[in-house]
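Have the viewer open and follow along.

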Amino acid sequence: LAPWVPVVGLEIHAQISSNSKLFSGSQVQFAAPPNSLVSFFDASLPGTLPVLNRRCVEAAVMTGLALNCSINKKSLFDRKHYFYADLPAGYQITQQRVPIAVNGSLSYSLCIDNKMSQMVTKTVRIKQIQLEQDSGKSLHDDARSQTLVDLNRAGVGLMEVVMEPDMCCGEEAAAAVRELQLILQTLGSSQAIMAEGQLRVDANVSVHRPGEPYGVRTEVKNINSIRFLAKAVDYEIQRQIEELENGGTVLNETRAFDSKLGCTVPMRDKEGKQDYRFMPEPNLPPLILYDAKSLPANVNHEQVVNIDWIHERLPDLPSMKRAKLVELYGILPEHSFALVNEDGLTEFFENVVEQTQMKPKKVIGWILSDLLSHLKQHSLTVKESPVSSSLLADLLNLLEKGEISSSAAKQVFEELWKGEGKTPLEIVKEKQLELMQDQEELEQICQAVIDERKEE
Amino acid sequence: QISAALKEGQVTATELCQRCLSLVRSTKFLNAYITVAEETALQQAEESEKRYRRGQPLGVLDGIPVAVKDNFSTAGIETTCASNMLKGYISPYNATVVQKLLDQGAVLLGKTNLDEFAMGSGSTDGIFGPVRNPWSYSRQYKEKSVPKSDPEHEESSWVIAGGSSGGSAAAVSSFTCFAALGSDTGGSTRNPAAHCGVVGLKPTYGLISRHGLIPLVNSMDVPGILTRCVDDAAVVLGSLAGHDPKDSTTIQDTFQPFELPSLADVSKLSIGIPKEYHAPGLSGDVLAAWSRAADLFKNAGAKVVEVSLPHTRYSIVCYHVLCTAEVASNMARFDGLEYGHRSDMNKSTESMYAATRREGFNDVVRGRILSGNYFLLKQNYENYFVKAQKVRRLIANDFVKVFGSGVDVLLTPTTLSDAVPYVEFIKEDNRTRSTQDDILTQAANMAGLPAVSVPAALSGRGLPIGLQFIGRSFQEKQLLTVAKWFEKQVKFPMIQLEEVKRHEHGVLQHQKSASFS
């Protein structure tokens, strides 16, 4: 019997990095005192109306372009209705009929069999990107049987990125999300920090036999790290396979990932089968975007978003950065992948290269094997590294000049890691790790050893 | 005229305010006002007086007492929408139109009565009770309809003010203020204007900001203007119109306030008479007034042509679907969490929501929410909502065609008949009444066009009949110029109210002379 084919699609909500919310002027800020960033509109006071935030539109266009999407020059806003304490208006403003961007793609890389040396590139299709409002937060206080509602987050702009079910496992899903995260951070359209809720991922998982139609899918929510995403997806795939092999069925349900237990559990029935009663948002005219060709002659620039203008100003995306690193420094693709993947590591590497005579191809080894592994071991970010790029450069210079051996250099590195403020030169002197360069001295020592032997 | 009087010092703003407040008190039985903001009004009047003394009034509206329908947000003054859901709700901000009036120095007397959440055509279905049409107590009506001095009969013969902006219309009609704001979604400003014998203007959708107007149907609502003469309506329009960044549905173009010319020559005008507006149920009096008006224009040299708006008969059904759908959506925010009524039920969030909404809304509102949600269900959306949108497009296109064929302004009745007695009106339910009464006014909201009701004549029962002019989008100047000419020809009689007579004063002559501009 042919093995099961798992199918994974993703719905990713990225909080837009902007000063104010999508439709109102209140501030966007993480961890502010509860209900301190709520405008009349956010609180759904009757008579208030939405006003579209230009920066949010630009962020979505940037992201759409970076993901190779077609930007819809005309997109529409809709109301999605459901009742919940964290949704003051009783509906969310989103883009259901015609979103701002469609039909894109995202390329990401994976290591085969965990070997850094074998990387393969995969692509996932981007179905669409839509602008929508974030909801507030509700905290359930079961002890006092009450619900506490904080509306600070209500109305913050989100980009929902929908990835088609082109992925097959947790690793692929994680890699795709990681790449999206890097892209968003490079663009600045979202800071995409999962721990702060700026990037939230829901996974749609199903399995089927090859040649047969797709199976029933479940939605897995409540995943708040990339690591957990891989775990959750893989667990769910396994669970579905076991269920089906034991003659059971997969229910079309929403499940939450329990990170402590490492498994998915059915979510307390929040909605059942909801009919969101979508309706066009009557208070927002269609969103019209222009490009160089369609831009009318005398317009107020404040009122217009020009797609081409944004395209011209896009920064180098991660894939471009990697390619440039390979070309510039002669390092391997998997090396540049690791560099770009770690926040600040590329900069660190380039700083070292600048300050040392050692070839980049050799420097990279130190960066990835020594520095990075130490950082990972101690759960530190590049910014928190006790060894600065200058210190490392000094060390590598000593090695390059032949003043110390490579094993000595490793020892010096360990000392530097302690962060006691000593320079590599000081450590070398302290530990007497200098390589002897003097030919005559070396000859004398060798002769002495030989002579000793002779006597025995 | 009153503005001139203020300027010349013939009357002070404070005196004027006090007179009006006193009239409000003595006409309390009309139930036109929900909240009277006496203290703040007098303060505003004092400020205005200071400005006049310095010779620096803010404009024509400085010191003029006005009233505002209770579905406009007013900072610091209760805004109830005549509903339990918002009883005690004090908005922290002013609606843009309210702010504009205040910025011009107008004196806000209070908030006027309406049908709950503006749903209705009689101003009878609010929690504060029905509004009584001031003409119920006029000599004209009493002479024609009420048997001599039978107090019991008098009590049961009072007629409705029309709706849903009945309070505002009654307030203007009974001289308690010089202008009032209403709202118009299906005729809610023009209908009560016609019944109360005042001018009711529905501006083009997108001309005046809706920010702060608690919505009924976002895609059709407009703030409405009620005054005693057409010139006054133009003045108020001038102070309110224009782009508001807080309302994304207002047009960007700069608005130029205008003064209405006195038309001498109407021979260049083309007046259209839509045959579909000869609706079943149109009373003999209204039909006669309409005919006479058409003749008036014809005899003065204007081109009067019959035109057709073939999709008129679908407008009520279409309105029904679109209105209830939006209502269902707009009312979703009333859950008792952030503001307004919150039920004591606290077993769960859901049960609290349900109880709050059951307690807070009347039958009419709840009925429309249920219908609206039905039409928005996934399985029904195409067949109802989308179809209705398409029909709406057809209705709007009817007007485009007619205006495109050379017609400048359309002339139609505003209501099917004069105001009916309250006891008659309540025999039918709100939905039936709305269906019947909106037929002549509804289509202008569908198409977003400007329309104005002007008092034309008294009916056989001594009650006002209004006629409606519908104009081209954003052509309020042309529309009101024609309306003003008509008003001049007609010389509609002034209401003769006993209560007002008792307060006869020199100052009051100014008020009764109907205009402030």
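This is a predicted model: local features need pLDDT of at least 70, side-chain atom pairs count only at pLDDT 80 or more; totals for chains, interfaces and linings use all residues.

## Charges over rings

The charged end of R209(A) sits above the ring of W4(A), 3.8 Å from the ring centre. For such a contact, NZ of Lys or CZ of Arg must be within 6 Å of the ring centre and within 35 degrees of the ring normal.

Side-chain values use heavy atoms, with hydrogens and water left out, residues are numbered from 1 along each chain as its sequence is written, and chains are lettered from A and ligands numbered from 1 in the order in which they are written.

## The sheet of chain A

Nine strands of chain A make an open, mixed sheet, ordered β2-β6-β7-β10-β1-β11-β12-β13-β14. Strands here are DSSP E runs of at least two residues and helices are H or I runs of at least four, numbered from the N terminus; two strands pair if DSSP finds at least two bridges between them. At the edges are β2 (70-71) and β14 (263-266), each pairing on one side only. Two bridges connect β2(A) with the antiparallel β6 (residues 101-111), and I71(A) stands opposite A101(A).

Helix α3 (residues 226-245) of chain A lies across β1, β11, β12, β13 and β14, at about 25° to β11(A). That angle runs from 0 to 180 degrees between N-to-C directions, with axes fitted to C-alpha atoms, for helices over the stretch in contact, and contact means heavy atoms within 4.5 Å.

## Aromatic pairs

Across all chains there are 26 aromatic pairs. Rings of Phe, Tyr and Trp (its six-membered ring) pair if their centres lie within 6.5 Å; planes under 30 degrees apart are stacked, over 60 edge-to-face and the rest tilted. W158(B) and Y422(B) are stacked because their centres are 4.6 Å apart and their planes at 10°. These partners are 264 residues apart in the chain, and both are buried (under 20% relative accessible area; exposed is over 50%, partly exposed in between, with a 1.4 Å probe and protein chains only).

## Cysteines

How many disulfides are there over all chains? The count is zero, taking a disulfide as two cysteine sulfur atoms within 2.5 Å. For C20(B), the nearest cysteine sulfur is that of C17(B), 7.0 Å away.
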